[in-house]
Amino acid sequence: MNKFLALILSLFLGSVTFINAEEIITQEFTSNTENDWQPLIPTSKSSLECRSVKNDCIFKFENVAQASSGKYLILYPDGRITLPQLDGKIHKIEIQLYKDQPFSSICNIAINNQQGNRERYLEIDARKDEHIGNFVAFPYDLSTVYPEEGTIFSLTSEKKIYITGIRINFIPNVIEPIAMPQFILPQWMDENHNFNMPFDITITTATENAELLYSLDNATWLQYISPIEIEESCTVWAKAVKNARESEISSVTFTRFDNEASDIAHFLEIGRLAESQTNNDYTLNPNPNGLFRINTILQVIAHTDNHIFVSDNTDNFNNCLLIYTPLSNNEITDGSIIQPSIEGYYVTLDDITPALYVNDRIVSENYNAEIIDIKEIVDNPQKYINKYITLKSVDLDALTMNITSNNYKLPIINLFDITIYDKKSINISGIVTYNQRSNVIGIAPTSITSHTSVQQITPDSPIHLRVNQLPSNANIYTLNGIKVNHYNVIPGIYIISMPGETPRKALITK
């Protein structure tokens, strides 16, 4: 047995030729020099790798010896050379005999398939100069004689012959690459793959009958059998395997975020991760990414039917949110309080305005403005900041825009252009504001009532406008009295003042 193993070091992988038409590959095994054979290391290379001159392939020998000079192999009558298995149909096999061939008559070399049932012969006449020292081909198109793909062939001889080379032409099989796995994700998932509730993913490949493997650490691979449940942030890797060949590795990373917000700012931050959508006719499409919960008291700033604009009482009411309900909420009024833990889906209105889509009617408590004296506000401003209040029988100074009562003065935030010629006694409802930088307490009015010379802000049912619907002569003010340029408007509640018309609140979107 050791003798036969030693004989394996006998053939050299010499050249490979590629023809682009109907591709035929030539695999040549021959002596490198006249003096010696290059060793052929027995390995377990695949047939695809055998096509490359950089790899070695397996030959098996039975009762075959190497000449002491290393110039040829000796194939005895009871010997056998098993050719390497190639991935394709054998087109032609040629044998090169040593130029000093010892026999001087006709010899038949047989080629047979691995089942031993299709023997074909190559007749070599040692008396012909064109046979000795040259390659001689079996007189058949072996791709039709042996149509099986990947068939193993063996060579035998009826006489002892000296072989200096074997050359094989074969038509390779077309080997398609293994398709990379694809991940089928929920339709609601955005391109950043954010989620806040468990979901399933499916893995597929376009390569038929390929086995799918997946990993959660890119090291330990598991067989994919059924959809994978994703519960926490993770990365999933996948690959397809067929006939010992692997596809490239696909991967996808999922990020889980909390769906409970402590305030509106937090809700807007995590809501944007969901990137829910709406169509052009304002039909809201709730993102089934999961319910969001805002765990704080919300105060109604304004409302129009089922559009409710709320604040969580941050300074100057800059932190606001639109709540959308499918049904009209007639019990909702300005100043109503919405209790904590309101639930809904994050959606966008007009493709830009963030909103909370609530499936059920939200429950609110009517919040009546507290009737207080200016003195109480001046003496204890922190107690009343951002609260709705009502002041009765106070005087308004048109020049200084201050309201006074009992010698106490409180500036009024100029939300709109008020035309007043004298001090007037008025009733005012509004929101107490406080500017930390200037340390000024003021009141942003939502309603002013008195003589006809005082214009009135409509407290309820703000109109819904788009920025491009506003006339150029309209003045836009925030609820804390800051005038806003048309180009700087972001979705929210504003005071709109136009010449000759009563200023009123408006819900403005892009």
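1. Two strands are said to pair if DSSP finds at least two bridges between them. Helices (H or I, at least four residues) and strands (E, at least two) are DSSP runs, numbered from the N terminus. The model is predicted: local features need pLDDT of at least 70, side-chain atom pairs count only at pLDDT 80 or more, and totals for chains, interfaces and linings use all residues. Residues are numbered from 1 along each chain as its sequence is written, and side-chain values use heavy atoms, with hydrogens and water left out.

2. An open, antiparallel sheet is formed by three strands in the order β11-β13-β16. Because β11 (182-184) and β16 (228-230) stand at the edges with a single partner strand each, one side of each has no neighbour in the sheet. From one strand to the next, the twist averages 35° (axes are lines fitted to C-alpha atoms, for helices over the stretch in contact, and angles run from 0 to 180 degrees between N-to-C directions). Three bridges connect β13 (residues 199-204) with β16 in the antiparallel sense; Asp 200 is placed opposite Glu 229 of β16.

3. Strand β24 (residues 298-304) is largely enclosed by the rest of the structure, because seven of its seven residues are buried (under 20% relative accessible area; exposed is over 50% and partly exposed lies in between, with a 1.4 Å probe and protein chains only). β24 runs antiparallel to β25 (residues 307-311), joined by five bridges, and His 303 faces Ile 308 of β25. These two strands make a hairpin with two residues between them, where Asp 305 in the turn has a positive phi of about 55°. Two bridges also link β24 to the antiparallel strand β27 (residues 337-338), where Ile 337 is the bridge partner of Gln 299.

4. The whole structure contains 10 aromatic pairs (rings of Phe, Tyr and Trp, the last by its six-membered ring, with centres within 6.5 Å; planes under 30 degrees apart count as stacked, over 60 as edge-to-face and the rest as tilted). One of them is edge-to-face, because the rings of Phe 199 and Phe 254 have centres 5.3 Å apart and planes at 70°. Phe 199 belongs to β13 and Phe 254 to β19 (residues 250-256), so this pair ties together parts 55 residues apart in sequence. Phe 199 is buried at 6% relative accessible area, and Phe 254 is buried at 1%.

5. An aromatic cluster is formed by Phe 257, Phe 267, Phe 292 and Tyr 346. Both Phe 267 and Tyr 346 are buried.
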